[in-house]
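Here are my notes on this one, as numbered points. Have the structure open while you read.

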There are 2 protein chains.
Amino acid sequence: MVTSAMQVLIPVADGFEDMEVVISCDILRRAGLKVVLAGLDAGLVTGGCGLRLQPDALLADVVNVDIDIILLPGGNRGVQRLTKHQPLIQLLRERHRRGQIIAAICAAPGMLATHHLLDGRQVTAYPGILDPQSADYIYQESAVVVDGPLVTSRGPGTAMDFALTLVELLLGPEKRRETEAPLQRSTPETSPLSATMDNRASIT
Amino acid sequence: MVTSAMQVLIPVADGFEDMEVVISCDILRRAGLKVVLAGLDAGLVTGGCGLRLQPDALLADVVNVDIDIILLPGGNRGVQRLTKHQPLIQLLRERHRRGQIIAAICAAPGMLATHHLLDGRQVTAYPGILDPQSADYIYQESAVVVDGPLVTSRGPGTAMDFALTLVELLLGPEKRRETEAPLQRSTPETSPLSATMDNRASIT
């Protein structure tokens, strides 16, 4: 089991999905993780629905920092921009090679597919982003899919489950419960990890 | 039925609950409403979990603009700051007198209670914010409570239902479905309006 004070990198580019970035960031920070929102350029970044946020750092300055999770938010235009950022792609390839956690939601699993970083894994994504018939990966329609160090999810409506799954993966089910209870969710938690807790062993 | 291009005002002050502001803003904009995030002062505003966002306007400049919904986000420190903003309190009193929509989530219903703007209404809030035994209002534990022009909700985990309820209230159930479906929520919608659609008649 990994301990707290771990670092999460969330790259943000113009066109990011507003809710996916903020729900992930808020929940992971509530769980005690250090989250860095990293922009491609200096200055404000604008979400697909118009949210203007100030990143915490420049992506170029933090791609070589020790990172426990890299979390790729969706939003088509944002993902297209991230896909062209070579240092980010290099970081993702390196993490993939080392078996380190990569989390992607909505349109973001598409950029991982392009670079064959989903190969052989069970995955999900926003409808239409991945080919359900692909021979490269096993496509599922679950809200969140965890396969070893790869965590994928579907869209804004599954972002809370996605972030809570990452909390559970890194800090355990008790920390997930502790983070989830104060949110006052009206529906029961859905944990893709409860049946597959062995995943955690494989990523430490 | 009110038509589109309606305006929503979301006041934001340092300490706002990151998810509640952004989920509300994102969903209402997806539904075609014009949402203005209004800061108390010029410059960036920082959420309770550290999100730094750039408001679209100064609150002082927009309190006299025609507004269809005023939406008060939670986050204790943010709400404390909003409570001290006299033009905002005056706007809320005026809207209350006219029967115009006021929506409040999490800690925000507390500031409405202080100014007796919940009196006689069915309401909800974050646990501990309102007195469940109060003689002033009827407290409920539902995710979202709609009573005439007053819409209240519980916390970050109910923010999506809260925003979708506002979409339904203003633009009808079909627009709610159209906005909700692409979110890819894993759980069925919960609409407090389905049994109380007459509420809409009373606010137009």
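This is a predicted model: local features need pLDDT of at least 70, side-chain atom pairs count only at pLDDT 80 or more; totals for chains, interfaces and linings use all residues.

1. UniProt, in an unreviewed entry, puts the feature "domain: DJ-1/PfpI" at residues 7-168 of chain A.

2. Within that chain, I'd look at strand β7 of chain A, residues 101-105. Five of its five residues are buried, with under 20% relative accessible area as the cut-off. Side chains in a regular strand alternate between the two faces of the sheet. In β7(A), one side carries I101(A), A103(A) and I105(A), the other I102(A) and A104(A), and all of them are buried, so both faces are covered.

3. Next, the strand's pairing. β7(A) runs parallel to strand β6 of chain A (residues 69-72), and four bridges join the two. I102(A) is the bridge partner of I70(A) here. β7(A) also pairs in the parallel sense with strand β11 of chain A, residues 150-153, again through four bridges. In that pairing, A104(A) stands opposite T152(A).

4. Which residues touch the most other members of the largest nonpolar core? They are L166(A) and L166(B), in a core of 82 residues. Leaving out residues up to four places away in sequence, L166(A) touches L28(A), I69(A), L71(A), I101(A), A103(A) and V151(A). Two of these bring us back to β7(A): I101(A) and A103(A) lie on one side of that strand, along with I105(A).

Technical notes
Residues are numbered from 1 along each chain as its sequence is written. Chains are lettered from A and ligands numbered from 1 in the order in which they are written. Side-chain values use heavy atoms; hydrogens and water are left out. Buried means under 20% relative accessible area, exposed over 50%, partly exposed in between (1.4 Å probe, protein chains only). Two strands pair if DSSP finds at least two bridges between them. A nonpolar core is a set of buried Ala, Val, Leu, Ile, Met, Phe, Trp, Tyr and Cys residues joined through side-chain atoms within 4.5 Å. Contact means heavy atoms within 4.5 Å. UniProt positions are given in the numbering used here, feature names are shortened, and annotations may be inferred rather than shown by experiment.
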